[in-house]
Amino acid sequence: MVTKKYPFADVEPGMKLASPILKENGQVLLAEDTVLTETFIAKLKLMNLKFVNIVERTVDSEEAPAAPATADAFDAVYDDTLQVIENCFSTMRYFKEVPLMQMKELVDTSINLMIDAAGVFGYLQTIRKQDDYTFRHSINVAIISGILGKWIGLSGERLRDLILAALLHDIGKTQIPLEILNKPAKLTQEEMKIMEGHTIEGHKMLLGEPSINKGILCGILQHHEKIDGTGYPLGISGDQIHIFARIIAVADIYDAMTSDRIYHKKQTPFAVIEEIKQETFGKLDPVICMTFLRNIINYFIGKKVILSNGAEAEVVYHGGHLAAYPIVFTQDGKFIDLEGNKSVAIVAMA
Ligand SMILES: [Fe+2]
C-alpha cells in the first residue's frame with residue numbers, strides 16, 4: 001500500500017484513509033480504509049486537523065485468497081471482519097452516515113470467503129460469544145443469508161445485494177439510545193416500540209442512496225415482518241414481504257437462537273432447527289424455511305455431540321426426518337436413532 005500525507009484542506013470525497021482518525025480520548029472516530037464522503041469531511045473540519053494520511057494505491061496480491069479451511073483460519077477472517085464492522089457501526093452512530101464502500105468491500109471479500117468455507121456452520125457455532133452481539137449478529141446473518149440465498153437459487157448481483165442487505169439489516173440500531181440497546185433488563189412497552197423502530201431508522205439511513213436498490217431497502221425495512229401479518233413495522237403479510245426480508249428473517253432467527261444472550265443460553269443447532277420447524281407454520285416463509293432445514297443438517301453430519309445421558313456421539317445420518325432427531329453413533333459403538341428413542345437427546349455440541 002502506498003500512502004501520502006495530505007494537508008486537510010486538500011482532502012476530497014472518495015479518498016481512502018491510510019490511518020485512523022482518533023478522538024481526543026483515543027477512541028477511533030474513522031477507521032483505516034474509510035472512504036471519505038462530504039459528510040465525513042464537513043464534520044472533520046470541526047476538529048481542526050492539520051494532516052490526514054491517504055491511501056494512494058494498493059498493491060494487488062497475485063492470488064485470490066481461498067476460503068478458510070480450518071477453524072483457526074476462519075476465526076482469523078472473522079475477527080478482522082468484526083473489527084471493521086465495529087468501526088463501521090461506531091461511524092454510523094457518530095456521523096449518521098453508512099460507510100457503504102467498506103460494507104460492500106466486506107461482502108466481496110471476507111464474507112464471501114466465509115460463505116464458501118466447507119465447515120462454516122460448525123465454525124460459527126464454536127466462536128459464538130455474548131459480547132459484541134450486534135456486530136457478530138450482523139456478520140452471522142450476512143453469512144447465513146448468503147448460504148441460504150444460494151440454496152434458494154440466487155446468484156450474481158442479486159445474491160450480492162441480498163448479502164449486503166443482511167449485513168446492513170440492523171444498522172438502524174445505531175440510532176437507538178445505548179441505554180435501551182444495552183439494557184440488561186426487560187424493555188418497557190415504550191422502549192420496545194423505540195427498539196422496533198430500528199427497521200424504519202435503518203431504511204431511512206439508506207433511502208435516496210443511488211447505489212442501494214429497492215430489494216436492499218426492503219430487506220432492511222421488512223426483516224421483522226411475519227408471513228401471517230403479525231410482524232412489524234407495517235404488519236404486511238405473505239408475498240408483500242420482499243424475498244430478501246423473508247430470507248434474512250430465517251437467518252436472523254437461527255443466529256439469535258444459537259447465540260448466548262442475556263435472556264437465554266444458546267441452544268444446539270438441532271434444537272433450533274426443531275423450533276424453526278414449529279415456527280414455519282404461519283410466521284416464516286415455508287419454502288425458504290424447508291430449504292434451510294433440509295440443507296443445514298448436512299453440515300452437521302460427522303460432528304461430535306453430547307447426549308443427555310452424558311455420552312459423546314457422532315452424527316451419522318439424518319434419516320429423512322428434519323434434523324432435530326438424527327441417528328448418532330456413540331463412543332461405545334452403538335447406533336441410536338433419536339427419532340425413535342426420545343429418552344435420549346442431543347444437549348450440546350462436543
Ligand atoms: Fe432486526
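**Note on the iron site and helix α10**

1. Zero disulfides are found in a search of the whole structure, a disulfide being a pair of cysteine sulfur atoms within 2.5 Å. Cys 88 is buried at a relative accessible area of 1%, and Cys 289 is buried at 0%. Buried denotes under 20% relative accessible area, exposed over 50%, and partly exposed in between (1.4 Å probe, protein chains only).

2. The model is predicted: local features need pLDDT of at least 70 and side-chain atom pairs count only at pLDDT 80 or more, while totals for chains, interfaces and linings use all residues. Residues are numbered from 1 along each chain as its sequence is written, and side-chain values use heavy atoms, with hydrogens and water left out.

3. The iron ion has as protein donors Asp 170 (OD), His 198 (NE2), His 223 (NE2) and His 224 (NE2), at 2.2 to 2.3 Å. Donors are N, O and S atoms within 2.8 Å of the metal (3.2 Å for Na, K and Ca); water is not among the atoms, so sites may look incomplete.

4. Asp 170 lies in the loop between α6 and α7 (178-181) and His 198 in helix α9, so this pair ties together parts 28 residues apart in sequence. Both residues are buried. Helices are DSSP runs (H or I, at least four residues), numbered from the N terminus.

5. In helix α10 (residues 214-221), seven of the eight residues are buried. These buried residues pack against α6 (156-168), α9 (198-206) and α11 (243-257), contact meaning heavy atoms within 4.5 Å.

Notes
Helix = DSSP H or I, 4+ residues; strand = E, 2+ residues; numbered from the N terminus.
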